[in-house]
Amino acid sequence: MNRRPEHLTAREEQILRCIRRWIEEHGEGPSVRQLADDIGLSSTASVAYHLGNLEERGALVRDGRGWRTCRLVR
């Protein structure tokens with residue numbers, strides 16, 4: 001059930017901004033480690049948790065198995 005919530009948390013918005021910028025600069029999404037470093041989290045598990053929530057809510061979609069293949073949903 002993909003439903004984009006009307007309100008995302010500040011951290012989720014930060015992650016989406018980072019992914020958008022990364023795709024614009026590099027042509028692909030960041031790895032979980034790169035994303036963690038960029039937003040200032042030391043735990044890749046925390047990043048994966050947030051990414052999973054964003055995927056469940058329909059804010060992003062993975063084309064493959066890894067997060068580098070994600071696409072942002074408008």
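A: Just after helix α2, Gly40 takes a positive phi of about 85°. This is a predicted model, in which local features need pLDDT of at least 70 and side-chain atom pairs count only at pLDDT 80 or more, while totals for chains, interfaces and linings use all residues. Residues are numbered from 1 along each chain as its sequence is written, and side-chain values use heavy atoms, with hydrogens and water left out. Helices here are DSSP runs of H or I with at least four residues, numbered from the N terminus, and α2 covers residues 32-39.

Within α2, the residues Val32, Leu35, Ala36 and Ile39 are buried, that is, under 20% relative accessible area with a 1.4 Å probe and protein chains only. Because these buried residues fall within an arc of 100° when seen down the axis of α2, they line one face of the helix, the arc being that of the directions from the helix axis to the C-beta atoms. The cover over the buried residues of α2 includes α1 and α3, where contact means heavy atoms within 4.5 Å.

Helix α1, residues 10-26, packs against α2 at an angle of about 115°, with the axes 10 Å apart; axes are lines fitted to C-alpha atoms, for helices over the stretch in contact, and angles run from 0 to 180 degrees between N-to-C directions. On the α2 side, Gln34, Leu35, Asp38 and Ile39 meet residues of α1 that include Arg11, Ile15 and Trp22.

Conventions
Helix = DSSP H or I, 4+ residues; strand = E, 2+ residues; numbered from the N terminus. Buried < 20%, exposed > 50% of the residue type's maximum accessible area, 1.4 Å probe, protein only.
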